[in-house]
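Hi,

Here is the structure I said I would pass on. My notes on it follow below.

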Amino acid sequence: MNLKKILKISALSLSVATAMAAQAGDTIKVGVLHSLSGSMAISETTLKDTVLMMVEEQNKKGGLLGKELEAVVVDPASNWPMFAEKARELLTTEEVDVIFGSWTSVSRKSALPVLEELNGLMFYPVQYEGEESSKNIFYTGAAPNQQAIPAVDYLMDELEVERWVLAGTDYVYPRTTNKILKAYLKSKGVADKDIMVNYTPFSHSDWQSIVSDVKKFGSEGKKTAVVSTINGDANVPFYKELSNQGVTSETIPVIAFSVGEEELSGIDTGPLVGHMAAWNYFQSVETDANEAFVENWKSFIKSDERVTNDPMEATYIGFQMWAQAVVDAGTTDVDAVEKAMIGQEVKNLTGGTAVMNKNHHLSKPVLIGEIQEDGQFEVVFETDGVVPGDAWSDYLPGSMDMIADWTSPVECGNYNTKTKSCGSK
Amino acid sequence: MMAVGCLFLLLLGSGGAKANSASVSTELSKDVEINSSVPVDVTERTSAEALLEQLTHTKLSKAAALLEQLEQSGDVRVRAVFQTMLDGALYYQRDNRQLLAVRKGEDKSLNASDVFSGESLGVVAKKSVKKIRVNNRLRVYLRGALSRLALNADSADDRNIAVMSMLDKLSADNVAALQALDERETNHEVKVSIALALAMNTLATSSDRDQRLAAIEVMDGRLEAPVKNQLRALVDSAVVDGSIVNSSLDTQVIAAAQKALQNIDGKVTAYGYVEQLFFGLSLGSVLLLAAIGLAITFGVMGVINMAHGEMIMIGAYATFVVQQLMPNFLEYSIWVAIPAAFLTAGLVGVLIERCVIRYLHGRPLETLLATFGISLILQQAVRTIFSPLNQTVVTPEWMSGSLEINAVLSITYSRIYIFIFALIVFAALQLVMKKTSLGLQVRAVSQNRSMAKSMGIHTDRVDALTFGLGSGIAGIAGVALSQITNVGPNLGQAYIIDSFMVVVFGGVGNLLGTLFAGFSLGIANKFLEPATGAVLANIIVLIFIILFMQKRPKGLFPQKGRAAE
């Protein structure tokens, strides 16, 4: 095969590609990259449905820029490398204009190089450990300073907690969050011996010894609380063991960052009443916007039993912001939309306004809720105003001096304010 | 407007007084007598009313101080308000700020009743009332306040709990209340508890050596956390590196405290071992239950059944379905669920054997792949039929909670029942295998298929029944697991590796080996866990098994004789 032939073929395929692109121009394509099978399907299926609901609503309002929206759903099957493959498929074969997707950090990290390589645009709707900011991703979930730190503050100030159990599943989110929390607690004068850190494998089911240890740790006279970054499936046996061993929210309260309405719908919540969770959204918040959202969701999913949760609101905010940014930019071109996104405002479902900051993270209010008998949360604390999301933690030695700012002149996701350079820690 | 409010509150007050005489609320009547003997002057009464009114527009963060004032007001109605508030049922009417007890009915309607008299006020609209919010801190306070009030309860157990709850809150008021109770108390157990509390108080406040020594003697050997903490604080204040340095304290008292503390620590450690042993047995029984079905299908029949975990999952879902079908008899649903799970899982097992496995005899690799495929199909089927979300399986009342042996050792009921249940299932299975003709045929076929066939045994039928039996037992395991873990599509995945580990470790084809392996792995895991953490404990156990299998490839109890080949 000579050089000419190769050139010819590539030119041909290029023209085919542009033709296809022109054809696709009739609709705006919205990619959905959430697992519909495998272990994460439990959480991610809901988010896929949320995006579909948002697309349907937007189309009822006449679409965007005079075009219909079309959702393209793929299933990365809870398989991390598959997120990269499917992201590539969405961007090259399907040529979507935006992607809503990912749940676990490892799946986001797997899709990230593809997004940067092909200049795609993704909205990531789940609370995560921070320490990242990409030009091609907007993070609409909470960063640690929008969830973990206010939660610890609440326990310290309101419940006068002095001893801390940091319990988590053994992977990147709990480990980083606990590292940040430990540094934060120490900066508040908590001694090393008053902090107990514990990690367990995914889907850990035998919690007897750990709960017994927590009980012993909490019986030494100081008010003790558990800060839980335990993920998904492991929560049910954990809470069951707590209540069986007589640990109640009054003796040792547990505050969780990964337990929301959806997770509680699989648990008998009677014994959990009073344990807490920190989020930016609760279904029980009584605002008109939220009641309408819950109503819409129930009729869309055709079930009265289904609940709404924080990542759903994050998806909602992300989608609304993207739609507004597309209108402002007058195009779905990634670079133009990315510029138009910064500064976008959307009303939160719980009241107040969410703002997209220069570091691609949101400013949102932080709520702390206590679990009720019906599986809902009752808000017991709310920050005054919104908290801006911090991409790089102020409490970790490596990232204290880092900021992310995607506006000129910095235009960098990991800018070191001391060395005034981009890309080095 | 204000005048109307005051008038209303007066009415409210008279309502409360009526409740005393009529003793409509039994809870209320207990302390009413004591409190009514204390004359309540008029100013105090109105202040309590003002406080109650304030409760309806106080911020959550300021409510604690208000509740304290309420408790100190000595008003007889406080108890009822506190109890209602603790239950999360205290509401007020938006228009006139009247306090109400509101409880949700079956059909989600809100039934209001008078806080003090319990008299029903009918159904109220959701928008017309507002809940008085309670958070954790308030709940702790309310429970404490109620238990202080419960010092005068009728039941000796309640009084004992009240005394115990005061051990770490020995304020002058509480001590006076305890001394008063001590004088009229007749129950021995309560007396002992009061003596302990008073001894703790003496040690903290008295400076007389003999009194303090006597107090330490009372405290010696008690396992309650406040006792230990007080002794430790005393010792820590005076002892550095094993020698007494703070000479301002009485050395004799310190030495006695040190000895008492050692005594207590010794006991706590000993009970700690007992607890770990129980945890190990309990984990072992879960492993045994999960593995015992596999011991039949893999151990006896030699089928590498990767779908075994899904049989457990089917059993758990059967429990869920049974509970859905009999929502009013949840306490008994388990007894229906056990046979239901056995039959469903068994039936699925027979189907799998008839449709797939019988065509793959003697081809272990293909069997492995085929059953792995089946396991994925079953998981996805459950996702489609039920939903990818976990399902709620309610734990019956009699399986919740724990058996408290003493202050540091308590054993959860669900674990006890699962332990007993595992042993019963094991015994029943042994019986089937050793004493019935089916068991005989199963053993015959597994030892020498062609010989058994020529003796007139329907090997096909025996294969199907054996596989069904193994699967059915896995289904029963699912019923037990549904009580302690998630019921979701991934349930089986969590147990398949452990099951194979137990069967291989115990020796393939040997039920007793499975029993032994399950318990020894459980106990080893639980004794390692406190030292190494859960993640490392798992890894160490796995490494141990790998090394063990190098030395003894046939497991703990290998098959012997001609049948082993």
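I'll start with a hairpin: β17(A) and β18(A) form one with 6 residues between them, and A:Glu411 in the turn has a positive phi of about 45°. Strand β17 covers residues 402-405 of chain A and β18 covers residues 412-416, and they pair in the antiparallel sense over 3 bridges. A pair here means that DSSP finds at least two bridges between the strands. Strands (E, at least two residues) and helices (H or I, at least four) are DSSP runs, numbered from the N terminus. A:Asp405 has A:Cys412 in β18(A) as its bridge partner.

Before the rest, some housekeeping. This is a predicted model, where local features need pLDDT of at least 70 and side-chain atom pairs count only at pLDDT 80 or more, while totals for chains, interfaces and linings use all residues. Residues are numbered from 1 along each chain as its sequence is written, and chains are lettered from A and ligands numbered from 1 in the order in which they are written.

Not counting residues up to four places away in sequence, A:Tyr395 touches A:Ile180, A:Ala183, A:Tyr184 and A:Ser187; contact means C-beta atoms, placed from the backbone, within 7 Å. Its C-alpha atom is 9.9 Å from that of A:Asn145, 250 residues apart along the chain.

Now the cores (sets of buried Ala, Val, Leu, Ile, Met, Phe, Trp, Tyr and Cys residues joined through C-beta atoms within 7 Å). The largest nonpolar core has 195 residues, and A:Val227, A:Ile255 and B:Ile312 touch the most other members. Helix α12 (residues 251-300) of chain B gives this core its largest share, 15 residues. A second, separate core of 54 residues includes B:Val78, B:Val102, B:Ala197 and B:Leu234.

α12(B) also packs against another helix: its axis and that of α21 (residues 511-532) of chain B come within 7 Å and cross at roughly 145°. Those axes are lines fitted to C-alpha atoms over the stretch in contact, with angles from 0 to 180 degrees between N-to-C directions. Among the α12(B) residues that meet α21(B) are B:Gly280, B:Gly284 and B:Leu288, and the α21(B) side includes B:Gly518, B:Gly522 and B:Phe519.

Cheers

Note on methods
Buried ≥ 20, exposed ≤ 12 C-beta atoms within 10 Å, placed from the backbone. Contact = placed C-beta atoms within 7 Å.
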